[in-house]
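Dear colleague,

I am passing on the model we spoke of, with notes on what was found in it. Please read them beside the coordinates.

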Amino acid sequence: MSENSQQELAVKIAGMHKFYGTFHALKDINLNVAKGERLVICGPSGSGKSTLIRCINALEEFQVGSVNVLGTELDDDLENIEAIRREAGMVFQHFNLFPHMSILENCVLAPMIVRDIPRAEAEATALKHLEKVRILDQAQKYPGELSGGQQQRVAIARALCMDPEILLFDEPTSALDPEMIAEVLDVMVSLAEEGITMLCVTHEMGFAREVADRVIFMADGEILEEAKPDIFFDTPQHDRAKTFLEQVIGH
């Protein structure tokens with residue numbers, strides 16, 4: 001791979017294996033994600049999807065192989081880990097908002113501490129992103145006063161406040177009531193249109209069809225199939241992928 005093509009990669013994973021004790025959770029993962037690419041990772045429960053995405057910013061440790069994020073090698077060096085986490089924002093299944101802080105305070109905390117941004121600038125940025133996720137009017141409320149869908153939109157705004165180059169979504173709608181899922185997906189679709197690199201673990205196959213440049217299908221800790229959405233959904237190649245689609249969307 002040439003130096004220029006290397007620079008165009010947001011994430012490069014080579015020969016990665018992850019173990020929990022004797023359990024082989026991820027098996028020989030090889031994956032390149034281009035800058036600006038929108039990737040959806042899907043598969044049955046227990047397939048390793050969330051573990052994979054959590055390895056990208058060192059929330060989980062892997063034992064074999066390499067992970068490179070925006071040219072920084074992920075290793076035991078805390079400076080490298082911190083550099084990667086600054087540029088790879090994470091949106092979790094459960095919102096992880098601080099309940100004793102207002103929505104605005106939740107959004108300005110990390111930029112002020114991690115990026116050393118002055119409060120006035122951090123607040124201006126936070127208000128801009130809260131408006132983007134259509135929740136500006138809730139800025140002075142506390143997480144417990146918001147619905148699940150609203151809290152997840154705040155979590156997305158909080159991630160955006162760090163001005164990341166990559167957004168990692170770990171099943172962002174799976175803890176939500178059905179009527180709240182659409183409002184979160186709408187925000188994610190609008191973000192995708194802005195060109196930010198997105199890796200999204202989700203069962204929302206309509207979102208995958210609409211937004212993804214590529215779909216990754218995992219089972220038993222392995223990547224079994226990867227294809228453009230129309231190919232994956234219309235002509236899945238692997239039997240496990242066919243079964244998964246039949247179960248999820250009655251394919």
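Strand β9 (residues 214-219) is mostly covered, since 6 of its 6 residues are buried, where buried means under 20% relative accessible area, exposed means over 50% and partly exposed lies in between, with a 1.4 Å probe and protein chains only. Helices (H or I, at least four residues) and strands (E, at least two) are DSSP runs numbered from the N terminus. This is a predicted model, in which local features need pLDDT of at least 70 and side-chain atom pairs count only at pLDDT 80 or more, whereas totals for chains, interfaces and linings use all residues. Residues are numbered from 1 along each chain as its sequence is written, and side-chain values use heavy atoms, with hydrogens and water left out.

The cover of β9 applies to both faces, with Arg 214, Ile 216 and Met 218 buried on one side and Val 215, Phe 217 and Ala 219 buried on the other. Strand β3 (residues 38-42) runs parallel to β9 and is joined to it by 4 bridges, two strands being paired if DSSP finds at least two bridges between them. Strand β10 (residues 222-227) pairs with β9 in the antiparallel sense over 5 bridges. β9 and β10 form a hairpin with 2 residues between them, and Asp 220 in the turn has a positive phi of about 55°.

Ala 227 lies in β10 and counts as buried because its relative accessibility is 12%. Apart from neighbours within four places in sequence, Ala 227 is in contact (heavy atoms within 4.5 Å) with Arg 214, Val 215 and Phe 232.

**Pockets**

The search used a 1 Å grid over the protein atoms alone: a pocket is an open set of points with protein on both sides within 12 Å along at least five of seven lines, a 1.4 Å probe is used, and lining residues have an atom within 4 Å of a point. The largest pocket has a volume of about 570 Å³, a volume being the space filled by probe spheres set on the points, which are joined across faces, edges and corners. The largest pocket is lined by 19 residues, of which Arg 85, Met 90, Ala 110, Arg 158 and Met 162 lie nearest its centre. α4 gives the most to this lining, with 5 residues. By class, the lining has 11 nonpolar, 4 polar and 4 charged residues, with Ala, Val, Leu, Ile, Met, Phe, Trp, Tyr, Cys and Pro counted as nonpolar, Asp, Glu, Lys and Arg as charged, and the others, Gly among them, as polar.

The second largest pocket has a volume of about 250 Å³, and its lining has 5 nonpolar, 2 polar and 5 charged residues. Among the residues that line the second largest pocket are Cys 55, Phe 62, Asp 75 and Arg 85.

**Cysteines**

A search of the whole structure finds 0 disulfides, a disulfide being a pair of cysteine sulfur atoms within 2.5 Å. The sulfur of Cys 107 has its closest cysteine sulfur in Cys 161, but the separation of 4.6 Å is too far for a bond. Cys 107 is buried, with a relative accessible area of 0%, and Cys 161 is buried too, with a relative accessible area of 5%.

With best regards
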